[in-house]
Amino acid sequence: MTTAFYAPPEQFRGGRVMLPPSETRHAVRALRHRPGDEVVVVDGRGGWHRVRLEHTGQKQAMGTVVASAQNVGEPEGPCILAAGVLHKRSRYETLVEKAVELGVTTIVPLATTRTERATIRHDRLHNLMIAATKQCGRSRVPNLTAPCSLAQVLVRYPQLTAFCCHESGEGRAALPAALQAIPASTGVLLAIGPEGGFAPHEVAIAQRAGARLVHLGPRRLRAETAALTAAGAVALHRAG
Ligand code: SAH
């Protein structure tokens, strides 16, 4: 599978697409595409298009859509990853990039009691998400929300089956075992704490809101490892 190009919906008109400048540079200068070449262009909203390039200038590339499909590479149901913002920006960037590959549909940065820094660089993360979407063969760029609390995220998505990943607590199931009990297309919400974990009152809030406490095995994982392991468990559950 070759890497797709990205052009937002407004770049498509009358069966044609104009690649944005950065995508044009990549297509024409780096990959040396020429008129007649066929490429894949995704619009980030689920549109997947096979495009025959007609004009490949250094500044502008344009092509004709020859075939289209919807939601190529997209999961059957929503998977909301609510993950504590991490002190080290690069770790959170890794988390976000890989979460896109694993089929997460929305990323909610959590500001929790033990979060050391509750701000994100939204544009930078969104650009990473676009790059990951193209690279892994998805057609929809997942949503990235503003930071919010665990309580807020749980009331925002009451229809989803919520799992709160926590490293301690009696009688918790392992996430893969808990997933076995629900159909693969069920919408899920995964809550992951920051470096310092969730505070006890946050765990209580999650449980009161109907979230199930689950574990990810006997070792204490770093927050980004935990988030990606949880997202991977959902991806594999959906893979059948
Ligand atoms: N509170 C811990 C570390 C938190 S790890 C401490 O400092 O001792 C960060 C987050 O990763 C946790 O809030 C939890 O959501 C998740 N996590 C890490 N290991 C886990 C495990 N074995 N099971 C479930 N969740 C885990």
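Which residue has a polar side-chain atom 3.1 Å from an oxygen atom of the ligand? Select Arg 220: a polar side-chain atom of this residue sits at that distance. Such a pair is a polar contact: two N or O atoms within 3.5 Å, where pairs within protein also need one atom able to donate a hydrogen and the other to accept it, and residues adjacent in sequence count only if both atoms are side-chain atoms.

Before moving on, a note on the model. It is predicted, so local features need pLDDT of at least 70 and side-chain atom pairs count only at pLDDT 80 or more, while totals for chains, interfaces and linings use all residues. Residues are numbered from 1 along each chain as its sequence is written, and side-chain values use heavy atoms, with hydrogens and water left out.

**Stop 1**

Now pick Leu 221. A polar backbone atom of Leu 221 is 2.9 Å from a nitrogen atom of the ligand. On its own the ligand has 550 Å² of accessible area (Shrake-Rupley method, 1.4 Å probe). The protein covers 87% of that area.

Show the whole shell next. Helices (at least four residues) and strands (at least two) are DSSP runs, numbered from the N terminus.

**Stop 1: the parallel sheet**

Seven strands form an open sheet, in the order E9-E8-E7-E12-E10-E13-E11, with parallel pairing. Strands pair if DSSP finds at least two bridges between them. At the edges are E9 (143-144) and E11 (173-174), each pairing on one side only.

Select E10 (residues 161-165). It is joined to E13 by 3 bridges, and the two run parallel. Phe 163 stands opposite Arg 212.

**Stop 2: the mixed sheet**

Which order do the strands of the mixed sheet follow? Six strands run E1-E4-E5-E6-E3-E2 in this open sheet. E1 (5-6) and E2 (12-13) stand at the edges with a single partner strand each, so one side of each has no neighbour in the sheet.

Finish on E5 (residues 47-56) and E6 (residues 61-70). They run antiparallel, joined by 9 bridges. Select Leu 53 and its bridge partner in E6, Gly 63.
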